[in-house]
Amino acid sequence: MAVDEKVIQEIVRQILAAKGLQSAPAEPKKEAPQASDEFPIIPVGVSARHVHLSRKDMDTLFGPGSELTPIKPLMGGQYAAKEQVTIIGPSLRSIERVRVLGPLRKQSQVEISATDSFVLKVKPPVRPSGDLKGSAGITIVGPKGVVKLEEGCIIANRHIHMSPEDAKRFGVKDGDYVNTLAEGERRTMLYGVQIRVSPEYTLEMHIDTDDANAIGFKDKTEVTMFKR
Ligand SMILES: [Zn+2]
């Protein structure tokens, strides 16, 4: 027989009263706000470590004039390429099979997690993609050569991609920062989440593998967005 929660509470209250004690007031239950344009629900995607390459570095790593081979389309005209590289830091320990994302960019960029940075012994700053000035150096090894980047290694910041329509609906603009709440077993508030707006984007929050583990990410994890 299932015992009613209220019955249990009443029994506890009576026992405590009999002992001349008072039960602690019940903790007010904090309800997650209802999904709305004020508190939108955002699907989450996890970005594993990856590399973007410049034309020059592509030539060095994969041979002059070589091209990336797209295998999986990603948001905003990007794609995962078949090509992979090895990254090495000052510890001389390496991380192999790091995916290259296309298309080629102006400047090569290596996005890793803080956990990776401890393995490699590099100290990348947390940055938005493309903001590389003064970021960490790292070495990339490809099948045809080696590139030593003086800067370009970052830990990507938490961000939410969205269309201009979504941005208008939610009352945010490109470059704004918001917070997001991940419910579930490892309920976590994620602060400092950058909004990125483009007509090419669909609504998705991107976090790295460290954040994914911290919030207990499972397929189809969603978060609630809070404007600051
Ligand atoms: Zn992203």
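**Exercise 1. Determine how many helices and strands the chain has, and what share of its residues is buried.**

Solution. The chain contains 5 helices and 14 strands, where helices (H or I, at least four residues) and strands (E, at least two) are DSSP runs numbered from the N terminus. The model is a predicted one, in which local features need pLDDT of at least 70 and side-chain atom pairs count only at pLDDT 80 or more, while totals for chains, interfaces and linings use all residues. Residues are numbered from 1 along each chain as its sequence is written. Of the 228 residues, 29% count as buried, a residue being buried if 20 or more other C-beta atoms, placed from the backbone, lie within 10 Å of its own, exposed if 12 or fewer, and partly exposed in between.

**Exercise 2. Describe the largest nonpolar core and the element that gives it the largest share.**

Solution. A nonpolar core is a set of buried Ala, Val, Leu, Ile, Met, Phe, Trp, Tyr and Cys residues joined through C-beta atoms within 7 Å. The largest has 25 residues, and those with the most contacts inside it are Val110, Ile138, Ile140 and Cys153. Elements giving two or more residues to this core include strand S8 (136-141) and strand S9 (146-156), and the largest share, 6 residues, comes from S9.

**Exercise 3. Locate Arg97 and Lys121, and state whether each is buried or exposed.**

Solution. Arg97, found in strand S5, has a positive phi of about 55° although it is not a glycine, and it is exposed, with 8 other C-beta atoms within 10 Å. Lys121 lies in the loop between helix H3 (114-120) and strand S7 (126-127); with 11 C-beta neighbours inside 10 Å, Lys121 counts as exposed.
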